[in-house]
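Q: Hi! Could you walk me through this model?
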Amino acid sequence: MTQRTGAKAPGWRLLARTGPRGRVGPARGGARRPARGRTELRGVDQRCVPGSQVDPRVAELRSAVARLRRQLAAHRVEFRDRGVAEEALAMLAGLAAADHPDIPVLRRSLLLVAGAIGSVSALGEGLRQLREAVDLFGTSPRA
């Protein structure tokens with residue numbers, strides 16, 4: 001018995017069972033649309049609610065915070081201020097959940113995160129995106 005690989009492998013069929021005409025059937029737990037291309041995974045805090053009016057700056061802040069939290073969780077190397085960074089990111093997530101975040105507290109939390117993980121180069125891109133999302137609320141008073 002030979003082992004098959006690629007799209008014809010048995011494991012693949014379990015992940016992408018399609019019904020008639022290439023559509024994922026509702027009986028199999030899928031949506032009623034064709035299964036094509038890449039699947040986009042979204043976090044719980046990134047769901048789109050029809051008819052809701054979310055400030056795009058707040059939406060960008062939420063996604064940047066969620067992205068950096070995922071990157072920090074995936075970064076397995078232990079460093080001294082990891083707990084501080086996680087607490088500051090949790091505070092930022094709480095501020096992003098509000099429709100109108102408190103900007104001075106937002107900036108203070110950003111400084112805590114930057115100070116805690118600023119020397120970790122693997123998280124530099126996520127930190128830059130977080131800073132850009134905070135800057136959408138206005139430039140800092142010193143700038």
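A: Happy to! Helices (H or I, at least four residues) and strands (E, at least two) are DSSP runs, numbered from the N terminus. Ser109, for instance, sits in helix α4. This is a predicted model, where local features need pLDDT of at least 70 and side-chain atom pairs count only at pLDDT 80 or more, while totals for chains, interfaces and linings use all residues. Residues are numbered from 1 along each chain as its sequence is written, and side-chain values use heavy atoms, with hydrogens and water left out.

Q: Is Ser109 buried or exposed?
A: Ser109 is buried, because its relative accessibility is 2%; buried means under 20% relative accessible area, exposed over 50%, partly exposed in between (1.4 Å probe, protein chains only).

Q: And what is Ser109 in contact with?
A: Ala88, Met91, Leu92 and Leu95, leaving aside neighbours within four places in sequence. Contact means heavy atoms within 4.5 Å.

Q: OK, how do α3 and α4 pack?
A: At an angle of about 155°, with their axes 8 Å apart. Axes are lines fitted to C-alpha atoms, for helices over the stretch in contact, and angles run from 0 to 180 degrees between N-to-C directions. So α3 is roughly antiparallel to α4; angles under 35 degrees count as roughly parallel, over 145 as roughly antiparallel, 65 to 115 as roughly perpendicular and the rest as oblique.

Q: Which residues of α3 and α4 make the contact?
A: Among them are Val84, Ala85 and Leu89 of α3, and Val105, Leu110 and Ile117 of α4.

Q: New topic: what does Leu61 touch?
A: Not counting residues up to four places away in sequence, Leu61 touches Ala96, Leu106, Leu130, Ala133, Val134 and Phe137.
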